[in-house]
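Thanks for coming, everyone. I'd like to walk you through one structure. Let me put it up on the screen.

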Amino acid sequence: MNHGLHRFSPMAGLMVLMAIAAVGFTQVPVSGRLEGWGLQALASDSPLFNPPLAIEEVTAIAKDMTVFIAGPTSGSGAIVSRQGNVYTVLTTKTVVSGSGPYQVVTSNGRRYSVSPSGVILLPLVDLAVLQFTSSETYPVAQLAEPSDSQIYLTVANQPQTTLFAAGNLVSTAGTNLSDGYDLRYNSALKSSGSGGPVVDRWGRLIGIQGRFNPESVTGSSAIAVSNFVRLAPTVGLNLGWRGWILSNMIQPATPPRAIALSPDGSLLATDGGYNQIQLWDWQSSQLNATLSGHNSEVNSLAISPNKQILVSGDQQGQVMIWNLRTGQIANTLTRSRPNQSNPITSVAITANGQTLITGSNQGIELWDINTGRLVLTLPESGEANAIAISPDSRTLVSGHLDNTVKVWNLLNGNLVHTLEAGERGFIVESVAISPDGQTIAAGTYREIRLWNLERGIRQRTIEAHCDLCYVYDLAFTPDGTGIVSTSEDGTKIWNIADGTLLRTLDGTAKSLAFSGDRTLILGGDTLRIWQVP
């Protein structure tokens with residue numbers, strides 16, 4: 001991908017300037033941010049790129065996620081997960097304190113019985129979940145951490161009757177931390193119905209109501225949804241990619257433009273600013289080595305499957321092959337026209353570790369990684385901005401400055417497909433191939449486009465990011481069910497099957513890397529490491 005080498009049409013640039021000038025929103029900070037590594041943020045979005053929703057939209061989202069829980073005791077809950085036909089509702093222990101049985105009544109009035117085994121109490125906090133089965137499709141809440149003081153509260157005090165009111169967060173570090181009540185707020189909603197959702201101005205679930213004190217302006221409190229995400233694995237709840245937690249964060253000297261992760265996830269390489277490359281043990285935040293040799297900024301990195309070789313490409317078109325056992329340069333590729341107008345935009349190494357592939361304005365070139373000899377230049381491959389290799393190394397996908405995606409047969413070098421990624425004047429910034437090798441993806445201006453690799457038929461277009469945003473980087477999740485995209489308005493996880501948004505992760509990133517053990521590393525102002533428990 002072309003980190004830091006952003007290009008778009010003059011008209012698009014004018015649109016960006018006009019849109020920035022038109023935005024007049026200032027985010028209100030929330031005092032008492034949560035501390036610790038456990039889950040520093042579930043979602044964080046810049047108001048510039050994500051203006052708050054109209055109150056009518058927030059109301060509709062909140063009411064759709066809210067359910068009424070009927071039983072010996074009753075209250076509200078929020079639909080927070082779906083696995084197949086099994087839905088999970090988050091509420092408080094107070095709501096399910098009776099002996100049962102319970103029913104969940106959804107926003108459309110349907111009633112679903114909850115089996116005794118479908119009521120699960122979370123440890124340490126006043127939270128519980130109920131599970132019901134349905135073939136109907138119900139909206140699932142987006143999970144987030146508070147990023148603004150304005151909130152909205154919803155309570156279902158009887159089937160298909162919900163109350164909705166505005167409120168304001170007073171603190172995100174309340175006095176009842178032993179039960180998880182770490183969000184204190186005031187609101188005109190004085191209902192004592194426990195388990196109601198607390199949502200933000202973007203319609204995302206940030207907490208569950210539970211304690212009310214009508215005599216005190218700031219006496220009501222809720223449990224942050226971060227407690228649920230952190231504790232769900234301890235009771236056997238699999239949230240999949242919605243359950244990512246921020247496990248570590250590294251602050252390099254300069255924000256990395258490029259990152260690479262070894263297939264086993266043990267070695268992380270980043271550009272270290274200007275002509276340096278840094279090698280990290282990300283689990284301990286330890287900087288193991290700094291490599292110097294380039295004469296300009298490093299744009300792209302790749303680590304061989306056996307972790308013996310690192311390849312780096314820079315802004316002036318230079319490509320270096322490093323021996324990771326010695327930290328020395330093993331070879332420097334001799335390119336026909338290396339110069340500042342022909343930077344290396346992408347590098348990749350085949351699964352057998354024998355072939356290096358580089359992408360640049362000059363085109364896509366295949367090199368013998370052991371000798372540094374040029375093997376092949378793919379025809380009609382000029383202005384290559386991003387490349388990706390299939391897991392079996394038989395197929396190469398490339399994204400280009402004319403907003404096309406090209407599919408290549410690496411066994412013979414033939415061009416198989418040329419696919420339109422959108423209107424001309426924009427560029428393909430990122431490409432990816434699914435783990436099963438069946439689907440290709442391209443990130444361009446705002447959109448992710450998905451195609452069947454074999455037939456070249458477009459399967460889906462996801463409007464992934466805002467009107468001011470390019471999709472900087474893409475990667476399929478290791479299980480192939482989702483795709484992760486990075487842009488100015490955050491890092492987002494999408495469901496491949498239906499194109500729905502599964503999660504927004506904290507922080508803007510220019511690059512990302514996956515390992516097979518469900519570890520995701522985002523390279524932005526900081527290196528953020530997310531993992532599934």
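One term before we start: buried means under 20% relative accessible area, exposed means over 50%, and partly exposed is in between, with a 1.4 Å probe and protein chains only. By that cut-off D182 is buried, because its relative accessibility is 6%.

Now, what you are looking at is a predicted model, where local features need pLDDT of at least 70, side-chain atom pairs count only at pLDDT 80 or more, and totals for chains, interfaces and linings use all residues. Residues are numbered from 1 along each chain as its sequence is written, and side-chain values use heavy atoms, with hydrogens and water left out.

How confident is the predictor? pLDDT is its confidence in each residue, from 0 to 100. The mean for the protein is 83, and 85% of the residues reach 70 or more. Residues 2–48 are the stretch to watch: their pLDDT is below 50. Beyond near neighbours in sequence, that stretch still has 108 contacts in the model. Contact here means heavy atoms within 4.5 Å.

Next, the overall picture. The protein has three helices and 41 strands. These are DSSP runs, numbered from the N terminus: helices are H or I with at least four residues, strands are E with at least two. Of the 533 residues, 57% count as buried. Take the contacts with a separation of 6 or more: 54% of them come from residues 24 or more positions apart. The protein exposes about 20,600 Å², and carbon and sulfur atoms supply 49% of that. Those areas come from the Shrake-Rupley method with a 1.4 Å probe; for residues, only the protein chains shown count as cover.

Back to D182. Where does it sit? D182 is in the loop between β9 (161–171) and β10 (183–187). Its side chain reaches the backbone nitrogen of A224 at 3.0 Å. That is a polar contact: a pair of N or O atoms within 3.5 Å, where within protein one must be able to donate a hydrogen and the other to accept it, and residues adjacent in sequence count only if both atoms are side-chain atoms.

Move along to T345, in strand β23 (residues 344–349). T345 counts as buried because its relative accessibility is 2%. A polar atom of its side chain lies 2.9 Å from the backbone oxygen of A384.

A384 takes us to a sheet. It is open, with four strands in the order β27-β28-β29-β30, and the pairing is antiparallel. The edge strands are β27 (384–389) and β30 (414–420), each pairing on one side only. Two strands pair if DSSP finds at least two bridges between them. Between β28 (residues 395–400) and β29 (residues 404–409) there are five bridges. One of the partners to look for: V397 bridges to V407 in β29.

Most residues other than glycine have a negative phi. S393, in the loop between β27 and β28, is not a glycine, yet has a positive phi of about 60°. S393 counts as buried because its relative accessibility is 15%. N403 is in the loop between β28 and β29. Its phi is also positive, near 65°. N403 is buried, since its relative accessible area is 1%.

Terms used: pLDDT is the predictor's confidence in each residue, from 0 to 100.
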